[in-house]
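I opened a new page for this structure. These are my entries, in the order I looked things up.

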Amino acid sequence: GFEERLSLKILDLEQVDIAPPVFLFTMRGPKSSKDFPLHFSQIRFLENKIRQIYPFVGTPIKLLFKKG
(Lines give C-alpha, C1' and ligand atoms only; values in the text may rest on other atoms or scores of the structure.)
Protein backbone atom coordinates (compact mmCIF):
# COMPACT_ATOMS: atom_id res chain seq x y z
CA GLY A 1 0.00 0.00 0.00
CA PHE A 2 0.88 3.64 0.35
CA GLU A 3 3.07 3.11 3.43
CA GLU A 4 5.30 0.71 1.47
CA ARG A 5 5.80 3.28 -1.29
CA LEU A 6 7.14 5.69 1.31
CA SER A 7 9.99 3.27 2.00
CA LEU A 8 11.49 3.66 -1.49
CA LYS A 9 15.13 4.68 -1.55
CA ILE A 10 17.21 5.85 -4.51
CA LEU A 11 20.48 3.93 -4.49
CA ASP A 12 21.94 5.24 -7.75
CA LEU A 13 21.07 7.60 -10.59
CA GLU A 14 22.86 7.75 -13.91
CA GLN A 15 22.20 9.33 -17.27
CA VAL A 16 22.37 6.47 -19.75
CA ASP A 17 21.51 8.26 -23.02
CA ILE A 18 21.51 11.80 -24.37
CA ALA A 19 19.05 11.97 -27.29
CA PRO A 20 16.58 12.12 -25.59
CA PRO A 21 18.07 12.27 -22.10
CA VAL A 22 17.40 8.97 -20.30
CA PHE A 23 17.97 8.59 -16.56
CA LEU A 24 18.21 5.20 -14.85
CA PHE A 25 17.24 5.09 -11.18
CA THR A 26 18.34 2.10 -9.12
CA MET A 27 15.87 1.80 -6.26
CA ARG A 28 15.50 -0.18 -3.09
CA GLY A 29 11.79 -0.69 -3.09
CA PRO A 30 9.00 -2.34 -1.22
CA LYS A 31 9.04 -6.07 -0.64
CA SER A 32 5.90 -6.37 -2.77
CA SER A 33 6.56 -6.08 -6.50
CA LYS A 34 2.97 -4.93 -7.16
CA ASP A 35 4.01 -1.43 -6.01
CA PHE A 36 6.86 -1.28 -8.50
CA PRO A 37 7.18 0.66 -10.79
CA LEU A 38 6.43 3.87 -8.96
CA HIS A 39 3.14 5.74 -8.82
CA PHE A 40 2.82 8.34 -11.61
CA SER A 41 2.96 11.20 -9.08
CA GLN A 42 6.33 9.95 -7.77
CA ILE A 43 7.70 9.76 -11.31
CA ARG A 44 6.46 13.28 -12.07
CA PHE A 45 8.07 14.55 -8.84
CA LEU A 46 11.46 13.07 -9.83
CA GLU A 47 11.20 14.46 -13.37
CA ASN A 48 10.39 17.93 -12.00
CA LYS A 49 13.40 17.77 -9.65
CA ILE A 50 15.70 16.88 -12.56
CA ARG A 51 14.27 19.75 -14.59
CA GLN A 52 14.86 22.17 -11.68
CA ILE A 53 18.56 21.27 -11.61
CA TYR A 54 19.36 20.74 -15.31
CA PRO A 55 18.33 22.87 -18.31
CA PHE A 56 16.09 20.42 -20.21
CA VAL A 57 13.53 23.10 -21.16
CA GLY A 58 11.32 21.80 -23.96
CA THR A 59 13.23 18.51 -24.13
CA PRO A 60 11.45 15.26 -23.36
CA ILE A 61 13.25 13.18 -20.76
CA LYS A 62 12.77 9.51 -20.01
CA LEU A 63 13.04 7.95 -16.57
CA LEU A 64 13.78 4.24 -16.14
CA PHE A 65 13.66 2.33 -12.87
CA LYS A 66 15.18 -0.91 -11.68
CA LYS A 67 15.38 -2.61 -8.32
CA GLY A 68 18.82 -2.72 -6.79
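In what order do the strands form the open sheet? I noted that the model is predicted, that local features need pLDDT of at least 70 and side-chain atom pairs pLDDT 80 or more, while totals for chains, interfaces and linings use all residues. Residues are numbered from 1 along each chain as its sequence is written, and side-chain values use heavy atoms, without hydrogens and water.

Entry, sheet. I read the order as β1-β2-β3, three strands with mixed pairing. Strands here are DSSP runs of E with at least two residues, helices are runs of H or I with at least four, and both are numbered from the N terminus. Two strands count as paired if DSSP finds at least two bridges between them. At the edges I found β1 (9–18) and β3 (62–67), each pairing on one side only. From one strand to the next the twist averages 20°; axes are lines fitted to C-alpha atoms, for helices over the stretch in contact, and angles run from 0 to 180 degrees between N-to-C directions.

Entry, β2 and β3. I looked up β2 (residues 21–28), which runs parallel to β3 and is joined to it by six bridges. Opposite Phe25 I found Phe65 in β3.

Entry, helix. I saw α2 (residues 40–53) packed on the sheet, where it touches β1, β2 and β3. Contact means heavy atoms within 4.5 Å. The direction of α2 makes about 120° with that of β3.

Entry, whole protein. I listed two helices and three strands, running α-β-β-α-β from the N terminus on. Of contacts between residues at least 6 apart in sequence, 51% join residues at least 24 apart.
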